Amino acid sequence: MEEEMHTDAKIRAETGAGSSPRGPGCSLRHFACEQNLLSRPDGSASFLQGDTSVLAGVYGPAEVKVSKEIFNKATLEVILRPKIGLPGVAEKSRERLIRNTCEAVVLGTLHPRTSITVVLQVVSDAGSLLACCLNAACMALVDAGVPMRALFCGVTCALDSDGTLVLDPTSKQEKEARAVLTFAVDNVERKLLMSSTKGLFSDAELQQCLAATQAASQHVFRFYRESLQRRYSKS
Amino acid sequence: MAAGFKTVEPLEYYRRFLKENCRPDGRELGEFRTTTVNIGSISTADGSALVKLGNTTVICGVKAEFAAPPTDAPDKGYVVPNVDLPPLCSSRFRSGPPGEEAQVASQFIADVIENSQIIQKEDLCISPGKLAWVLYCDLICLDYDGNILDACTFALLAALKNVQLPEVTINEETALAEVNLKKKSYLNIRTHPVATSFAVFDDTLLIVDPTGEEEHLATGTLTIVMDEEGKLCCLHKPGGSGLTGAKLQDCMSRAVTRHKEVKKLMDEVIKSIKPK
């Protein structure tokens, strides 16, 4: 039985300001990731960002229904369950975003006519939920051993009314913000894989957010690497 | 012979065209299909519009009804969009509960309305805490040939511009609403969000306004919704191949020109029906 790896990392960007843990500018909340905590799925991971927590499980490559099978690649399915209530239209929209992001990195052609299912359960939501879901999905796919051509991470930026950028906002910051942008970036070419935005913003602000996302994604990927190194070096 | 090649190797067939910087229907990579719009065709709806983007046809009908405003926002009304993709428009949709594509499109339209503040919800309030308008916007696709999001956004905008709400007064003695159907006024549309969709091919090439076949062969899609000041209401990129910053900039500039084209078309149509 693999040991559970609990890895903590407090991340602060070099350009972050002030001594407070959340100064204005680029600083991400406390991260934590736990892998292989569920026994039934082939891979599972729990990702924590501050108080936001998402549990992900991956089943696959497994048998696929004939109606859903694709002859030359794996069929990817994402199920997102909210903390309270039944899944609605918003969850369907998020599932599509996460599924397309995973499809872009998973090497589906190595497992044709199979299905890979990613199940995400929101445990607590304190802001930056979509980014946390993406990170949990990536860690779970790695734990399941699904072949991927790159890792990906999600980063959320919030722009408040005077244009200040806050990375990894809490729910209060998200509510007060003028615009909230979530991006998914891959770690090989650092290209933008997915983007989902809420609110009004200008082109210049978009470029600013993209630059901040690139910087923040470096930290997230370093955290992934450290977390996995610690897990495999022990056993 | 070309038809046979197209069936067996659709992607390769397509690449031959892309090499020459054009597409099978003769368009250039940055060219939109012919856009036509028809306003006010449904007489039973309070506002309606039919938009055709090449073969893709979407009709939007807006009905206004009374409702009690939400308790946490007693001075606001509601705008409820719903996108329906019936089996009529394409063989890939079955009858029954809305499929994923329809739900994603509905959520997208709801986000565009929310983000762009196209209507100030306070304008829909008749009596704070007691009565407000709810606008049910039903978008039905009649023919699915790709780029459904652009067509829906345009249809919604045109239909909302066409909506005429009757004047409502609350009778103080009976506390009932009295509707004066003879006195109607247009909605106050504050911004004009216009969507521009792109498809990404082979991780590098970007084409504008993909048709149904092109969407199927593409490795990723991107939709940008812009209003007239160049502000972005929505940057919707549901996964797919990665994009660099430079490519995004090209898309932005194309979205700006598209906004101008659509705005011109809208103004022409509105002008042609206003004198009633």
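In this predicted model, Ser241(B) touches residues of both chains, not counting residues up to four places away in sequence: Ala104(A), Leu192(A) and Leu193(A), together with Val200(B), Asp203(B), Thr219(B) and Gly220(B). Ser241(B) sits in the chain B loop that runs between β12 (232–236) and α6 (245–273). Its relative accessibility is 5%, so Ser241(B) counts as buried, the cut-off being under 20%. One of the residues touched, Thr219(B), also makes a polar contact of 2.9 Å, side chain to side chain, with Ser241(B).

The nonpolar cores come next. The largest one has 78 residues, and Leu120(A), Leu141(A) and Tyr224(A) have the most contacts inside it. Helix α2 (residues 129–144) of chain A supplies the largest share of this core, 12 residues. A second, separate core has 54 residues, among them Ala151(B), Ala155(B), Cys234(B) and Val269(B).

| Core | Size | Residues named |
|---|---|---|
| Largest | 78 residues | Leu120(A), Leu141(A), Tyr224(A) |

Which residues does Leu141(A) touch, not counting residues up to four places away in sequence? They are Val58(A), Cys102(A), Val106(A), Ile116(A), Val118(A), Val146(A), Met148(A) and Phe152(A).

As for confidence, chain A has a mean pLDDT of 87, with 89% of its residues at 70 or more. Residues 1–25 of chain A have pLDDT below 50, yet this stretch has 60 contacts in the model beyond near neighbours in sequence. Where pLDDT is low, the predicted coordinates should not be read in detail.

Note on methods
Residues are numbered from 1 along each chain as its sequence is written. Chains are lettered from A and ligands numbered from 1 in the order in which they are written. This is a predicted model: local features need pLDDT of at least 70, side-chain atom pairs count only at pLDDT 80 or more; totals for chains, interfaces and linings use all residues. Side-chain values use heavy atoms; hydrogens and water are left out. Helices (H or I, at least four residues) and strands (E, at least two) are DSSP runs, numbered from the N terminus. Buried means under 20% relative accessible area, exposed over 50%, partly exposed in between (1.4 Å probe, protein chains only). A polar contact is a pair of N or O atoms within 3.5 Å; within protein, one must be able to donate a hydrogen and the other to accept it, and residues adjacent in sequence count only if both atoms are side-chain atoms. Contact means heavy atoms within 4.5 Å. pLDDT is the predictor's confidence in each residue, from 0 to 100. A nonpolar core is a set of buried Ala, Val, Leu, Ile, Met, Phe, Trp, Tyr and Cys residues joined through side-chain atoms within 4.5 Å.
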